[in-house]
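Visitor: I have a structure open and would like to go through it piece by piece. Can you take my questions as they come?
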Amino acid sequence: MTELLSLSATEAQQALRQKECSAVELTTAYLGAIEQTAELNNYVAVTADKALEMAANSDQKIAAGTAGMLEGLPIGVKDLFCTQNVATTACSEILRNFVPPYESTVTANLWQAGGVMLGKLNCDEFAMGSANETSCFGPAVNPWSADTPLAAGGSSGGSASAVAAHSALLATGTDTGGSIRQPAAFCGVVGMKPTYGRCSRWGIVAFASSLDQAGPFTRTVADSALMFSAMASHDPKDSTSAPEAMPDLSKALSQGIKGMKIGIPAEYEMDGMDAEIVALWQQGQNWMREAGAELVEISLPHTKYALPVYYIIAPAEASSNLARYDGVRYGVRSDDVQSLDDMYEKSRAAGFGEEVQRRIMIGTYALSAGYYDAYYKKAQQVRRLIRQDFDTAFASVDAILTPATPTAAFALGQKQDDPLTMYLNDVFTVPANLAGIPGISVPAGLSKDGLPLGLQLLAGAFCEDKLYATAATLESMANFKTSAPKAA
Amino acid sequence: MSVDKDTVKKIGRLARIHVPEQSQEQIASELNHILSWVEQLGEVDTSNVEPLASVTGHSLPMRSDVVTDGEKADDVLKNAPQSASGFFVVPKVVE
């Protein structure tokens, strides 16, 4: 069984096609792994019956020669994607009993491609957090933990933890400010945020609509390209869904980076940065050069303003999106209320956790009369300057190499006192969301404590081919092969 | 621009979140902490910079104004905390 769990998605696909194993056997192995690693708390619901039914269906399709691109591959779904008739909670008390009567476009695409749904994965409440600690189900645990439980990162902590722990072969995530790339780096897996608009937002619980983007968690770069191809589509049900054609990703994976120009942004070398991170970044630059790329020093002058811009725009959009949780149409309603307004106020106070309330309050303030121009409009203006920085950079480089996170995974509970300390986790990832460009975090080495560290690659909007070409090269140069101590 | 207890009460009211009297002070201090950090955006010269609301570069797509979905009252009401005779039920709003 362990052998099946160690296959990558492309290897498992091969094994299924050559009848070395069946989809039911593969799914059974993963359901066993979920049980075996239950202490990691990365699943909030396991849909075993549905998984076995879908796997049996996949076996029939493989036998009939009608297999889809993900046929029989077991997938975990972040509990932010609506799944028809399967509870979808956004890991919030307020949605604890919500059972969607519809399926999100991204997950529908995955099942259409033959994917097998294992269950729903833990995340920060409404995807607001960087350590999976705001979840109403408690935090997901990083399978690289020894004695002290380490954060899996967030918000897609359950997704990263499960893929690293071999309790999901593939997993979906969403990334609003780094929620795919940061946990991927913490757990030693590959996490990719597509260009804004590539994956439909329809049926995904909304956080900040101009920033939210779904993407894949995988163990290899090739698996990432495979899963991303299945997730992405132009969807009329999402008005910001992109009609742009998808570049040839399989060609990109094997083409190498000879002659490509890789930008190294001066502003990403920050004061007080961990020496290990600096060294790894330098190592990454050497690998790129050895592989035939030309390194180019670039400047992204507004980088330091990305986080404060994000912490106005994201809460502002969240305060508007989360207005829908009113205790009337779905979700939890408080009893013992005096009036309609009283019902709204008490239901929302009881149903939302502390961080979600904090962000709604900031957003409401930033959008309120008298402060709109000073905060919200100002943030949108600086957002344009950040976007322009990248436009200028991508006029002369093909991709940009940066660290993925400022540190390796930290202990759970360590950064809870000050929200700002937690926000700083996203310093390298937030700019890509503000600019709408694709980014990928690739595991590239181990810290002195034996914890995974990631490097991030960024490319221009809709240039996922360049992103995957550079990521595949980085992966082969780094040759990161170790697996998490607590993996099944 | 400093947030005080009264402002917290007002924001709570706008956001329809009940903020108990005893936590207002602490929330005011947290919001001030975050907002004063955001204030560094003041250093950036943004005169003549158009605000960026959408990164797609596309205008919103248009479609014919026709019904594309419906006849799903049961689905719509399925998750309602309280419903009756095909309606959502809320506390009395008209005396």
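Guide: What follows is a set of questions and answers about this structure, which is a predicted model.

Visitor: Start with the chains. How many residues of chain A are in contact with chain B?
Guide: There are 53 residues of chain A in contact, and they meet 38 residues of chain B.

Visitor: Which helices of chain A supply that side?
Guide: Helices α11, α12 (340-351), α13 (354-367), α14 (372-394) and α15 (419-423) of chain A each supply at least two residues. The most come from α14(A), which gives 12 residues.

Visitor: What classes of residue does that side of chain A have?
Guide: The side of chain A that touches chain B has 29 nonpolar, 13 polar and 11 charged residues.

Visitor: Now a single residue. Where does A:Arg383 lie?
Guide: A:Arg383 lies in helix α14 of chain A.

Visitor: Buried or exposed? I mean A:Arg383.
Guide: A:Arg383 is buried, because 29 other C-beta atoms lie within 10 Å, and 20 or more is the cut-off for buried.

Visitor: And what is A:Arg383 in contact with?
Guide: Setting aside neighbours within four places in sequence, A:Arg383 is in contact with A:Val309, A:Ile313, A:Leu434 and B:Leu52. A:Ala435 is 52 residues away from A:Arg383 along the chain, yet their C-alpha atoms are separated by 7.4 Å.

Visitor: Back to α11(A). How many of its residues are buried?
Guide: In α11(A), 14 of the 16 residues are buried, so the helix is mostly covered.

Visitor: What should the span of helix α11 of chain A be?
Guide: Helix α11 of chain A covers residues 306-321, and at 1.5 Å a residue these 16 residues should span 22 Å. The end C-alpha atoms of α11 are 22 Å apart, which agrees.

Visitor: Change of topic: chain B. What helices and strands does chain B have?
Guide: Chain B has three helices and two strands. Along the sequence of chain B the pattern is α-α-α-β-β.

Visitor: What is the radius of gyration of chain B?
Guide: Chain B has 22 Å, whereas a compact globule of 95 residues would have a radius of gyration near 12 Å. The C-alpha atoms of chain B fill a box of roughly 55 × 45 × 25 Å along the principal axes. Buried residues make up 18% of the 95 residues in chain B.

Visitor: Strands next. What does β10(A) pair with?
Guide: Strand β5 (residues 190-193) of chain A is joined to β10(A) by three bridges, and the two run antiparallel. In that pairing A:Lys193 stands opposite A:Gly439. Strand β11 (residues 452-459) of chain A also pairs with β10(A) in the antiparallel sense, over seven bridges. There A:Pro443 stands opposite A:Gly454.

Visitor: How many residues are between β10(A) and β11(A)?
Guide: Five residues lie between β10(A) and β11(A), which form a hairpin. In the turn, A:Gly450 has a positive phi of about 80°.

Visitor: Why is strand β10 of chain A called largely enclosed?
Guide: Seven of the eight residues of β10 (residues 439-446) are buried, so the strand is largely enclosed by the rest of the structure.

Visitor: Last one. Where is A:Pro139?
Guide: A:Pro139 is in the loop between β3 (116-121) and α6 (157-164) of chain A. A:Pro139 is buried, with 26 other C-beta atoms within 10 Å.

Visitor: Which residues does A:Pro139 touch?
Guide: Beyond residues up to four places away in sequence, A:Pro139 touches several, including A:Asn41, A:Ala151 and A:Leu412. A:Met343 is 204 residues from A:Pro139 in sequence and 29 Å from A:Pro139 in space, C-alpha to C-alpha.

Technical notes. Residues numbered from 1 in each chain as written. Chains lettered and ligands numbered in written order. Predicted model: local features only at pLDDT ≥ 70, side-chain atom pairs only at ≥ 80, totals over all residues. Helix = DSSP H or I, 4+ residues; strand = E, 2+ residues; numbered from the N terminus. Expected span 1.5 Å × (residues − 1). Buried ≥ 20, exposed ≤ 12 C-beta atoms within 10 Å, placed from the backbone. Contact = placed C-beta atoms within 7 Å. Nonpolar A, V, L, I, M, F, W, Y, C, P; charged D, E, K, R; others polar. Rg over C-alpha atoms; globule rule 2.2 N^0.38 Å. Pairing = 2+ DSSP bridges.
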